[in-house]
Every structure is written in structure tokens, then in C-alpha cells.
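Here's a quick tour of one model, written for someone who likes the cut-offs spelled out. Have a look at the structure first.

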Amino acid sequence: MTSDLPPRLADALAAGPLVLDGGLSNQLAAAGHDLSDELWSARLLADRPEAIVEAHLAYFEAGADVAITSSYQATFEGFAKRGVDRERAAELLALSVRLAREAATRAHAKGVVRPLWVAASVGPYGAMLADGSEYRGRYGLTVDELARFHRPRLEALAAARPDVLALETVPDLDEAEALLRALRGLDVPAWLSYSIAGDRTRAGQPLEEAFGPAADADEVIAVGVNCSAPEDVDGAVGIAARVTGKPVVVYPNSGETWDAGVRAWTGRATFSGEQVEGWRASGARLIGGCCRVGPGAITAIRHTLTPR
């Protein structure tokens with residue numbers, strides 16, 4: 001008897017490279033949705049869930065194998081500021097996984113025949129603050145305090161049974177250690193992805209040191225970088241592969257810079273599909289884009305990784 005379930009993501013990564021989606025927020029903004037809110041794309045979980053399905057579907061049709069949910073900025077604390085109680089907040093976190101699953105179902109109905117996976121986004125503590133501190137780290141909290149913050153959200157997302165938890169845009173080794181501690185016992189694999197500047201985390205730790213804790217974490221199936229400048233990715237891929245021996249996940253920004261003061265992107269795009277082959281050669285197995293990287297770029301990545 002055959003199963004309609006996709007293979008485990010870890011097994012698929014061992015078999016060859018996979019394509020991640022691009023920036024969910026820019027796809028939603030391109031469709032006309034206002035994201036100038038502290039909850040960012042998570043606001044649409046309650047207000048416009050169909051819009052999230054459509055954004056995920058656009059990336060699956062563009063060539064993505066894995067969709068990252070709209071839960072990056074969704075936290076119990078953030079929802080509480082909007083008057084949403086814990087029970088409803090847990091429902092919205094679970095909904096983020098179901099919406100991505102629904103997009104995968106629609107993609108298959110429209111003729112996509114490859115397996116599709118869902119990664120539940122777990123953003124850093126600074127994302128909840130919505131003040132740009134996720135690009136700095138060093139919040140003044142201990143590892144224990146950060147682990148206590150992350151654990152309830154991880155539990156809610158894990159209960160929705162995503163294929164993987166995306167511990168992403170992590171700026172700080174302390175927060176990585178907290179996330180890995182909070183991850184234990186949830187029975188859901190995860191990837192750990194730092195936001196970096198050059199060869200260091202945003203908080204300034206060397207990447208050789210930052211990737212170390214993930215090497216011995218059995219729950220972690222991939223490590224890497226995201227929400228960073230494309231030119232910083234090249235060296236990071238090799239470091240991540242060497243330090244951990246695990247598949248590398250890479251999804252940089254377009255190259256533009258986020259200005260938290262005016263809540264806008266500045267500068268020019270430098271992301272290019274030609275960089276992908278070099279990342280793959282250095283150990284990247286899960287490759288996509290983050291902020292300001294849209295479906296067109298994901299299609300170009302698909303063509304590079306799986307040429308016809």
C-alpha cells in the first residue's frame with residue numbers, strides 16, 4: 001500500500017537539494033495587503049487567511065518545495081497586546097500550519113506533482129518587539145528566560161504537526177541555545193538559521209562558535225543563514241557545513257536593507273540566481289529567499305537546482 005504523505009524532509013535533503021519559498025510578506029504586500037502592523041503578516045491569520053493560502057500557493061507554483069508559515073511574528077505576547085487570549089492565539093498558530101497545508105493541497109490539485117513540505121516559522125524574541133532588535137540580539141535576557149519565552153509557541157506549532165520547525169533569523173548564540181533547549185521533547189525536527197553580518201552573528205559571535213550547539217542537537221536536520229545579505233552567504237555555507245556536518249539551509253534577502261525607523265526597505269537588490277550553484281557546491285541543500293525575494297527568483301533557483 002502506498003502513502004500520500006511526502007517522505008521525511010531529512011530524507012529528502014539527503015537525496016538532493018530542495019527549493020524553499022521566498023518572502024511571504026512581500027508576496028502579501030504585492031497583492032495589496034497592508035502589513036504596517038506589529039504583527040506583520042501574522043495579522044492576516046485572523047483577518048485574511050485566504051490571502052496567506054494564495055501567497056503560499058504562488059510560491060509552490062513558482063517551484064518551491066517547502067513553504068514557511070506566517071507565524072514568524074506570531075507570539076502569545078504579541079497577540080495579547082491586541083486583546084487575543086491564549087486559547088485563540090494557539091488556534092491562530094495552528095492555523096498558520098493548516099493554511100500552508102491547504103496551499104500544498106491546491107498546488108497538487110493544479111498539477112504540481114512533487115512532494116511539498118511545511119515549515120512552521122519561529123522568529124526570534126526581537127521579532128515580537130517589532131523594533132528591529134531581531135537584527136541586533138543581546139536583549140538582556142538569560143538563556144533560561146528566552147527558552148521560557150519560546151517554549152509555549154514551539155509547543156503550539158509542534159502540535160499542528162508541521163514537517164519541520166524553522167528556527168529562523170536568530171541573531172544571537174544565546175537565543176540559539178535557548179531555542180535548542182526549548183525544542184527538546186517536541187518530536188518535530190527543526191532547522192536553525194542565523195541572521196548574520198559578514199562572518200558573525202548579528203550579535204557579533206563568530207559563526208564557527210555559533211553553529212557549534214546545533215552539531216550535537218539530534219532534532220536539528222539543517223543549519224544555515226537567512227535574512228542576510230546575499231554576499232555574506234558564501235562563506236557562511238562552508239562554515240555551517242564544516243562545523244556541523246549537516247545539510248545547510250540558505251535563504252538570503254534581496255540585498256536591500258530594512259530601516260526599522262521608517263519601516264521600509266532601502267538600497268538595491270543584489271540577489272542573483274547565479275549565486276545558487278556556488279552555495280550548493282559548498283553544502284547548501286535547502287535554498288530559497290527571504291525578504292524581498294519573490295516567485296520569479298524562486299523559479300530561477302528551481303531551474304538552477306533542477307535543470308531540465
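## Helix α4

α4 is mostly covered, with 10 of its 14 residues buried (under 20% relative accessible area, 1.4 Å probe, protein chains only). Among them are Ala51, Ile52, His56, Tyr59 and Phe60. The cover includes α2, α3 (43–47), β2 (66–68), α6 (86–109), β3 (117–122) and α14 (295–305). Helices here are DSSP runs of H or I with at least four residues, and strands are E runs of at least two, numbered from the N terminus.

The length checks out too: at 1.5 Å a residue, α4 (residues 49–62) should span 20 Å, and its end C-alpha atoms are 20 Å apart (the expected span is 1.5 Å times one less than the number of residues). Just after α4, glycine 63 takes a positive phi of about 130°.

## Where it comes from

This is a predicted model, where local features need pLDDT of at least 70, side-chain atom pairs count only at pLDDT 80 or more, and totals for chains, interfaces and linings use all residues. Residues are numbered from 1 along each chain as its sequence is written, and side-chain values use heavy atoms, leaving out hydrogens and water.

## Aspartate 21

Aspartate 21 sits in the loop between β1 (18–19) and α2 (24–30). Its side chain reaches the backbone nitrogen of isoleucine 68 at 2.9 Å. Leaving aside neighbours within four places in sequence, aspartate 21 also has contacts (heavy atoms within 4.5 Å) that include His56, Tyr59, Gly288 and Ile298.

## The sheet

Eight strands form an open sheet in the order β1-β12-β9-β8-β5-β4-β3-β2, with parallel pairing (strands pair if DSSP finds at least two bridges between them). β1 and β2 are the edge strands, each pairing on one side only. Further in, four bridges join β4 (residues 164–170) to β5 (residues 190–194), and leucine 167 stands opposite leucine 192 in β5.

Key: A polar contact is a pair of N or O atoms within 3.5 Å; within protein, one must be able to donate a hydrogen and the other to accept it, and residues adjacent in sequence count only if both atoms are side-chain atoms. Buried means under 20% relative accessible area, exposed over 50%, partly exposed in between (1.4 Å probe, protein chains only).
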